[in-house]
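Q: I would ask for a close look at a single part of the structure shown below, followed by an account of its wider setting.

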Amino acid sequence: MRAALAAVPEAGVPGVLADVRDGRHDWRGAAGHAFLVEPRPMQPQLRHRIGSVTKTFVATTVLQLVDEGRLGLDDPIGRWLPDVVPGEPGARVTVRMLLNHTSGIGNYTNALIDSYASIPRMRVTSYAPAALVAIGLAMPPTNAPGAGFSYSNTNYVLAGLLIGAVTGNDAVAEVQRRILRPLRLTGTSFPGTDPTIRGPHSGAYFAPFGVRDHSEFNMSWAWTAGEMIATTADLNTFFRALLGGDLLSPAALDEMLDGVPIRPDLPAAGSYGLGIRTFATPCGEFWGHDGAVIGHLTFSMHSRDGARQVSSGINISHYQVGLPDPHPIDIAWHTFLLTAACSATEPGGRTTGVAPQLPSVTQLPGNDAAVAVP
């Protein structure tokens with residue numbers, strides 16, 4: 001794993017960090033530099049923007065409300081958010097469709113982040129969740145409600161508003177009360193409109209903009225779709241508790257893991273459940289999520305029983321823009337992830353061959369002018 005991790009900066013990233021667990025054994029590592037213009041090494045305990053891995057925390061909170069009988073997965077969202085989603089969408093789109101991205105509601109970030117010029121503007125702007133939802137609802141539907149998978153951050157901003165409507169409390173406060181504090185995830189937080197990553201962290205580099213550090217960024221544009229900061233160790237603690245049945249009833253966890261195909265024409269792309277997805281590996285199916293924001297990327301992958309885990313982040317993003325083939329960074333990073341996931345199952349503790357590319361729901365669109373969403 002040390003050799004595989006060291007190959008990631010050699011492929012072009014400033015720095016990479018990781019936490020790997022196999023039962024009771026915990027291995028943490030880092031390679032490369034935390035900052036491009038300062039000689040400071042990357043450290044495994046640094047805090048990292050985790051983008052869409054936020055969705056798993058939010059979906060877990062919604063499912064806890066289902067467990068408590070306060071909400072139904074097949075409730076139309078208009079029952080809870082009549083002023084936010086009125087009319088036919090409110091009547092036809094259900095809570096389940098939000099969580100598994102089959103609502104057909106447009107992805108607001110595709111409109112919000114439409115050019116490189118939008119990045120500096122977003123960095124200093126505070127967005128209200130209702131305004132983000134309005135952007136998504138104004139976009140053409142991607143499909144009829146429930147007809148198929150179409151990844152949309154609007155779904156998870158709506159999920160955050162839904163938590164607020166059911167509980168009477170802010171969604172962030174509910175995630176903190178129900179998950180972060182009980183699991184003692186002290187390196188995990190929602191920054192809100194505070195642009196600073198509080199605590200030790202690396203820089204965040206948006207490849208088209210060179211060496212400018214984007215770690216100071218107002219993340220209100222992502223809110224419950226992708227705002228969170230965490231350490232890789234905290235991510236592994238959370239997913240082990242989730243998959244081990246400590247956060248949800250067996251029935252709710254079964255619902256969470258019951259996925260829809262991400263690409264029906266490509267089974268290897270995996271399935272998406274309720275805020276969690278599958279990754280195909282040489283040693284079987286793993287569960288988790290990936291995340292992409294400006295300057296930070298994250299993968300968090302876990303065996304079904306939560307025993308074998310790998311969470312890793314890099315401090316550069318959007319290096320793939322305009323490239324038709326896998327970037328060397330992706331090849332090296334995915335090789336490390338699959339080595340970490342599968343090394344316990346391979347003779348001699350090593351994986352064999354060239355690692356396949358992991359599918360990602362946060363991969364870049366084909367348009368060079370577009371940039372990633374969390």
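Which residues does Thr 196 touch, not counting residues up to four places away in sequence?

A: Thr 196 touches Arg 49 and Glu 216 once residues up to four places away in sequence are set aside, a contact being heavy atoms within 4.5 Å. The model is predicted, so local features need pLDDT of at least 70 and side-chain atom pairs count only at pLDDT 80 or more, while totals for chains, interfaces and linings use all residues. Residues are numbered from 1 along each chain as its sequence is written, and side-chain values use heavy atoms, with hydrogens and water left out.

The side chain of Thr 196 also makes a polar contact with the side chain of Glu 216, at 3.0 Å. Such a contact is a pair of N or O atoms within 3.5 Å; within protein, one atom must be able to donate a hydrogen and the other to accept it, and residues adjacent in sequence count only if both atoms are side-chain atoms. Thr 196 is placed in the loop between α10 (171–180) and β4 (205–206); helices (H or I, at least four residues) and strands (E, at least two) are DSSP runs numbered from the N terminus. With a relative accessibility of 17%, Thr 196 counts as buried, since that word applies under 20% relative accessible area, exposed applies over 50%, and partly exposed lies in between (1.4 Å probe, protein chains only). From Thr 196 to Thr 167, 29 residues apart in sequence, the C-alpha to C-alpha distance is 29 Å.

Pro 208 is partly exposed, at 37% relative accessible area. Apart from neighbours within four places in sequence, Pro 208 is in contact with Tyr 116, Ser 317 and His 318. The C-alpha atoms of Pro 208 and Val 321 are separated by 8.3 Å, although the two residues are 113 apart along the chain.

His 318 itself sits in the loop between β12 (316–317) and α14 and is buried, at 3% relative accessibility. Its phi is near 65 degrees, a positive value in a residue other than glycine. Most residues other than glycine have a negative phi. His 101, in the loop between α5 (95–99) and α6 (108–112), likewise has a positive phi, near 60 degrees, and is buried at 0% relative accessibility.

In the contact, Ala 4, Leu 5, Ala 7 and Val 8 of α1 meet Ala 332, Trp 333, Phe 336 and Thr 339 of α14.

Two further threonines lie within helices. Thr 61 belongs to α2 (residues 54–67) and is buried at 0% relative accessibility. Thr 232 belongs to α12 (residues 232–243) and is buried at 4% relative accessible area. Leaving aside neighbours within four places in sequence, the contacts of Thr 232 include Asp 19, Pro 44 and Ser 311.
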